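Dear colleague,

I am handing over the structure below for your files. My notes on its pocket, salt bridges and surface follow it.

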Amino acid sequence: MRSLWNEIDRKNLLVRIDKLAPNAKPRWGRMSAGQTLAHLADWMRVLTGDLKVKNKNTPFRFPVIKHLIIYVAPFPKNVPTAPELLKADPVEWTDEMRDLKELIQRAPAKRDDPNAMWPDHPAFGRMSVRAWGVLGYRHTDHHLRQFGV
């Protein structure tokens with residue numbers, strides 16, 4: 001299973017992120033390429049605990065449904081996201097790109113910290129470290145495929 005915790009998988013994501021162009025058109029959805037970079041960076045900030053997002057009471061919190069979505073089912077397109085993860089005006093392209101890549105590269109430091117506090121996911125609730133890594137990879141992959149990279 002691909003994961004942010006796997007070095008080869010992280011490198012794969014970073015190579016693909018470098019291929020994303022500012023003027024790339026999405027195959028689905030309404031976010032621009034810049035908004036997508038900002039969205040992914042902010043999602044990574046949720047993982048690190050640097051960005052707080054309001055919890056939602058969803059059926060995704062039930063263990064069986066949570067497991068299916070994180071590990072098994074293809075990611076659906078056009079699913080609403082938390083308002084905190086949508087920037088109408090992302091900052092400069094190179095800054096968003098740099099921030100996202102740095103956050104992805106730093107993520108394993110949290111995994112390796114035995115004292116790290118893991119936040120609840122706004123839709124899934126309490127998640128294991130393994131689930132955070134898999135979901136982080138799958139979420140990033142989903143948005144890169146959205147732009148054909």
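The lining of the largest pocket in this predicted model divides into 19 nonpolar, 11 polar and three charged residues. The space in this pocket is about 930 Å³. Its lining comprises 33 residues, and those closest to the centre are His 39, Val 79, Pro 80, Thr 81 and His 143. Helix H2 (33-48) and helix H5 (129-146) each supply at least two lining residues; H5 gives the most, with five.

The structure holds 11 salt bridges. One of them joins Arg 45 to Asp 42, with the closest N and O atoms 2.8 Å apart. Both residues belong to helix H2, three residues apart, or about one helical turn. Asp 42 is buried, its relative accessible area being 6%. This pair is part of a network of salt bridges that also links Asp 95, Arg 98, Asp 99 and Glu 102.

Between Lys 101 and Asp 18, the closest N and O atoms of the salt bridge are 2.6 Å apart. Lys 101 lies in helix H4 (residues 93-112) and Asp 18 in helix H1, so this bridge ties together parts that are 83 residues apart in sequence. Lys 101 is partly exposed at 22% relative accessibility, and Asp 18 is partly exposed at 48%.

Within helix H1 (residues 7-19), Glu 7 and Lys 11 are four residues apart and form a salt bridge, with 3.1 Å between the closest N and O atoms.

Ile 65 lies in helix H3 (residues 63-72) and is partly exposed, at 32% relative accessibility.

With kind regards

Key:
Residues are numbered from 1 along each chain as its sequence is written. This is a predicted model: local features need pLDDT of at least 70, side-chain atom pairs count only at pLDDT 80 or more; totals for chains, interfaces and linings use all residues. Side-chain values use heavy atoms; hydrogens and water are left out. Buried means under 20% relative accessible area, exposed over 50%, partly exposed in between (1.4 Å probe, protein chains only). On a 1 Å grid over the protein atoms alone, a cavity is a set of points where a 1.4 Å probe fits but cannot get out, and a pocket is an open set with protein on both sides within 12 Å along at least five of seven lines; lining residues have an atom within 4 Å of a point. Grid points are joined across faces, edges and corners, and a volume is the space filled by probe spheres set on the points. Ala, Val, Leu, Ile, Met, Phe, Trp, Tyr, Cys and Pro count as nonpolar, Asp, Glu, Lys and Arg as charged, and the others, Gly among them, as polar. A salt bridge is a side-chain nitrogen of Lys or Arg within 4 Å of a carboxyl oxygen of Asp or Glu.
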